Amino acid sequence: MRTQKLTLTDCPDAARLHQLSFYKGWSEKDFEEFLADPLTQGLKSEEGGKLCGYILWREIGEEAEILTLVVAPDFQRRGLGSHLLDALFQRLGEQGVSTLFIEVAEDNEGAHLFYLKQGFNLISKRPNYYQREENKYVSAWNYIKKL
Ligand SMILES: CC(C)(COP(=O)(O)OP(=O)(O)OC[C@H]1O[C@@H](n2cnc3c(N)ncnc32)[C@H](O)[C@@H]1OP(=O)(O)O)[C@@H](O)C(=O)NCCC(=O)NCCS
């Protein structure tokens with residue numbers, strides 16, 4: 001599987017997939033703003049010209065944070081998420097980044113299992129961080145991986 005840079009032309013499809021995947025998905029404008037930030041970069045994977053997954057991260061010095069990772073529903077559990085993450089590990093390693101963070105909503109069970117399998121460790125929880133229905137909140141679980 002080949003990965004390529006996520007660019008401004010991908011923003012509409014990236015937003016569509018994000019909104020399919022999360023309770024409050026990000027808009028096309030959100031993606032444009034992230035990609036305009038020089039500290040933020042993205043990688044994508046396509047099949048037949050169609051966006052099937054991407055990862056977006058921010059690097060600050062020796063630390064980086066995954067902002068989001070999305071695999072289209074039809075492509076899940078086929079190794080694409082792991083592949084995008086491996087491509088990120090490789091890039092960060094080349095750039096001397098030593099620590100990677102990710103924040104996952106408490107109720108996203110599949111993502112917790114995914115990141116634990118990828119060698120991330122739970123370091124803290126932020127209560128009532130993500131809103132669900134009105135007056136209902138779930139915590140954010142913070143994971144770290146040393147590269
Ligand atoms: C989480 C996500 C990125 C995983 O991508 P993926 O391509 O499906 O993951 P992989 O196929 O590489 O899975 C690797 C391993 O992670 C674990 N895993 C992944 N998704 C899982 C799920 N839904 N339930 C349980 N375990 C899961 C499994 O151990 C899996 O290995 P296996 O399929 O051999 O059992 C994908 O489900 C997704 O995009 N979800 C919606 C958005 C999201 O929650 N993103 C993460 C928060 S930023």
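This is a predicted model: local features need pLDDT of at least 70, side-chain atom pairs count only at pLDDT 80 or more; totals for chains, interfaces and linings use all residues.

Author: We start with a cysteine. Cys-11 has a relative accessible area of 1%, so Cys-11 is buried.

Reader: How many disulfides does a search of the whole structure find?

Author: A disulfide needs two cysteine sulfur atoms within 2.5 Å. For Cys-11, the nearest cysteine sulfur is that of Cys-52, 17 Å away, and Cys-11 is in no disulfide. Cys-52 is in none either, with the sulfur of Cys-11 as its nearest. The count over the whole structure is 0.

Reader: Is Cys-52 buried or exposed?

Author: Buried means under 20% relative accessible area. Cys-52 has 3% relative accessibility, so Cys-52 counts as buried.

Reader: At what angle do helix H1 and helix H2 pack?

Author: Two packed helices are described by the angle between their axes and the distance between the axes. H1 covers residues 11-21, and H2 covers residues 28-36. Their axes lie 8 Å apart, and the angle is about 120 degrees.

Reader: What does that make H1 relative to H2?

Author: Angles of 65 to 115 degrees count as roughly perpendicular, and those over 145 as roughly antiparallel. The angle here is about 120 degrees. Therefore H1 is, relative to H2, oblique.

Reader: Which residues of H2 make the contact with H1?

Author: The crossing of H1 past H2 is right-handed. From H1, the contact uses Cys-11, Pro-12, Ala-14, Ala-15 and His-18. From H2, the residues are Glu-28, Phe-31, Glu-32 and Leu-35.

Reader: How many residues of that contact are nonpolar?

Author: Cys, Pro, Ala, Phe and Leu are among the types that count as nonpolar. The contact of H1 with H2 also has 1 polar and 2 charged residues. The nonpolar number is 6.

Reader: Is Gln-19 buried, partly exposed or exposed?

Author: Gln-19 sits in helix H1. Leaving aside neighbours within four places in sequence, Gln-19 touches Gly-25, Trp-26 and Ser-27. Gln-19 has 46%, so Gln-19 is partly exposed.

Reader: Which residues contact Asn-142, leaving aside its neighbours within four places in sequence?

Author: Asn-142 is in strand E7, residues 137-146. Its relative accessible area is 12%, so Asn-142 is buried. Leaving aside neighbours within four places in sequence, the contacts of Asn-142 are Ile-102, Glu-103, Asn-121, Leu-122, Ile-123, Ser-124 and Arg-126.

Key. Residues are numbered from 1 along each chain as its sequence is written. Side-chain values use heavy atoms; hydrogens and water are left out. Buried means under 20% relative accessible area, exposed over 50%, partly exposed in between (1.4 Å probe, protein chains only). Axes are lines fitted to C-alpha atoms, for helices over the stretch in contact, and angles run from 0 to 180 degrees between N-to-C directions. Helices (H or I, at least four residues) and strands (E, at least two) are DSSP runs, numbered from the N terminus. Angles under 35 degrees count as roughly parallel, over 145 as roughly antiparallel, 65 to 115 as roughly perpendicular and the rest as oblique. A crossing is left-handed if the near helix is turned anticlockwise from the far one by less than a right angle, and right-handed if clockwise. Contact means heavy atoms within 4.5 Å.
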